[in-house]
Amino acid sequence: MAKMTATEAAIRVMESEGVELAFGVPGAAILPLYQAMNGSKIRHVLVRHEEGGTHAAEGYTRAASGRIGVCIGTSGPAGTNMITGLYSAMADSIPILCITGQAPRAKLHKEDFQAVDIAAIAKPVTKWAITVMEAAQVPRAFRQAFHLMRSGRPGPVLIDLPLDVQKEIIEYDPDSDFPLEVFKPRPHRKQIEKALDMMMAAQRPLIIAGGGIINADASPLLVELAELTQTPVIPTLMGWGTIPDDHALNAGMMGLQTQHRYGNATFLRSDFVLGIGNRWANRQTGSLDVYTKGRKFVHVDIDPMQIGRVFCPDLGIVGDAKCALEEFVAVARERKKANKIVNRANWIGEVQERKYTMQRRTDFDNVPIKPQRVFQEINNVFGDDTCFVTAIGLYQIASGQFQKVNKPRNYIVCGQAGPLGWEISACTGAKLADPDKEVVGVVGDYSFQFLIEELAVAAQHHVPFVMVLINNSYLGLIRQAEIAYKMDYEVQLSFKNINCPEIGDYGVDHVKAVQAMGCLATRIFDPKLMAPAFEEARRLSREKRVPVVVEVITERVTNISMGPEIDKINEFEEILDRKPVKKTEAA
């Protein structure tokens, strides 16, 4: 049998699992792994901060089916810097692998330099976190990591490798070692039949399409089920793109923040809800008595313990989203052939009419620019094949209300954890996962400043993308939340920059900061100049092979529609209640 170091075996396992790229920062305690990776098939991208590396790994996993992002760091603070990224991945069911170095085994209890029990720290935010204490276990630990990341509800894993374990020579035969079988639960046909019985008995059914459908690459099946059963679909934020926004059965998004007026109105009219691959997030539901009143629920999820976590459904079904949808579609086809599908023409017509009539205005010509106009121009310039990346803040809520998404994996967002600073690294990872796809980040000025140094990573490695920077020089979402407390306290980012008088009191000169990182940037004050600036940015990004940032100076204070309940959304700007042009025909 072949002899090699434990880290050489780890690299061979990763190669056989399909790993082509890793993000990381070398350090003393992880150098044996880097020595093994040097000359391997795995490309390495040197990041500037380990948290940025985890977010890049997330973007890499999320952007392309079958990929698993990898992030590598040394012992101590490298691992603790990864925790936020692990939490983000765990919250959104995203498989990433974090690998850390560790002090030698004999020194783990001696408070050695940069020695911390990272496995214990990471345990609550991973599917599995382990410090491997025996070199012979290293290849099996990596096999188990990929098995766990892909099986059941996907999620991240951390493997911690003591320095002496990495160096130890072991016997390992890569030619006789193969990936472990992945487990995906399939629901029983009788459960599917009962769920469809409940749907057919309802008058105004809906499907809630969650991010689990995208993770399972099951969006075409979701659309087919909706069409077969004539059931409108409300995608969650994580499930945005499962059904095209312009599809006749797309009923819009609903919730407290990232919602459409027509989406909330349609949900409130429903009497039956089939949730697939979703988790009933509190930003969608609001209080459960309002959300659940007058309607029955079926919940399909890959994680048995997710069913009943938020509220008890009338029927719970454990199953991978793709396996479940395959069964749903098979049964629905049989029922359609037997003429047992209820005619939903009136309900669909009602949904479509609301979708046309219940709108919000975006065509503002104000200077400073209103953020609603920014998203109107984004929709006009960037097409259906664009992959959008955003994170958390008032700009992300506006994005959810005003952007258009028509394909899966074309809206990448950190949903549950919502860490600031996510966008630059996630854009980098997404572009590296799918180099032919246009990637456009949408970011606020505060989040942009969190990990701005990660722009240098994209510049160094020639990763082109466009980033739309919406600058109001405010912590906009928290400012809006502070209204209820009758204060505007410690959320101002404004100051007069003595080096950049042309931006007034908007503070940081982002253009110069971007240029310092080796990228390109422009600044827009006039809404009429946004479209040509976006077009020029995409041209320059392709030509120069670096990120191009378009900073849009927006009005300081904008309140975006949201509310305490799905039936009590506060509208702060002009709404559009258009009259129907004609009676809409059923799809």
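Guide: Two residues are in contact when heavy atoms of theirs lie within 4.5 Å of each other. The model is predicted, so local features need pLDDT of at least 70 and side-chain atom pairs count only at pLDDT 80 or more, while totals for chains, interfaces and linings use all residues. Residues are numbered from 1 along each chain as its sequence is written, and side-chain values use heavy atoms, with hydrogens and water left out.

The spot is L206, in strand β9 (residues 205-209). Strands (E, at least two residues) and helices (H or I, at least four) are DSSP runs numbered from the N terminus. L206 has a relative accessible area of 0%, so it is buried (under 20%; partly exposed lies in between, exposed over 50%; 1.4 Å probe, protein chains only). Beyond its neighbours within four places in sequence, L206 touches T231, P232, I234, T266, F267, S270, F272, V273, L274 and W347. One of these, I234, is 28 residues away from L206 in sequence, yet their C-alpha atoms are 7.1 Å apart in space.

Strand β9 belongs to an open sheet of five strands, ordered β10-β9-β11-β12-β13 with parallel pairing; two strands pair if DSSP finds at least two bridges between them. At the edges stand β10 (233-235) and β13 (315-318), each with a single partner strand, so one side of each has no neighbour in the sheet. From one strand to the next, the twist averages 15 degrees. Angles run from 0 to 180 degrees between N-to-C directions, with axes being lines fitted to C-alpha atoms, for helices over the stretch in contact.

Three bridges join β9 to β10, and I208 stands opposite I234 in β10. Helix α8 (residues 189-201) lies across β9, β11 (272-276), β12 (296-301) and β13, at about 140 degrees to β13. Helix α11 packs on this sheet too, touching β9, β10, β11 and β12, and its direction makes about 130 degrees with that of β9.

Helix α11 spans residues 261-269, and seven of its nine residues are buried, so the helix is largely enclosed by the rest of the structure. The buried ones are R261, Y262, G263, N264, A265, T266 and F267. Of these, T266 and F267 are among the contacts of L206.

Strand β17 (residues 439-444) has six of its six residues buried. In a regular strand, side chains alternate between the two faces of the sheet. In β17, V439, G441 and V443 point one way and V440, V442 and G444 the other. Strand β15 (residues 387-390) runs parallel to β17 and is joined to it by three bridges, with V389 opposite G441. Strand β18 (residues 466-471) also pairs with β17 in the parallel sense, over five bridges, and V442 stands opposite V468.

There is also an open sheet of six strands in the order β3-β2-β4-β5-β7-β6, paired in parallel. Its edges are β3 (43-46) and β6 (128-131), each with a single partner, so one side of each is left without a neighbour in the sheet. Neighbouring strands here are turned by 20 degrees against each other on average, direction ignored. Six bridges join β5 (residues 96-102) to β7 (residues 157-162), where T100 has D160 as its bridge partner. Helix α4 (residues 77-91) lies across β4 (69-73), β5 and β7, running at about 165 degrees to β5.
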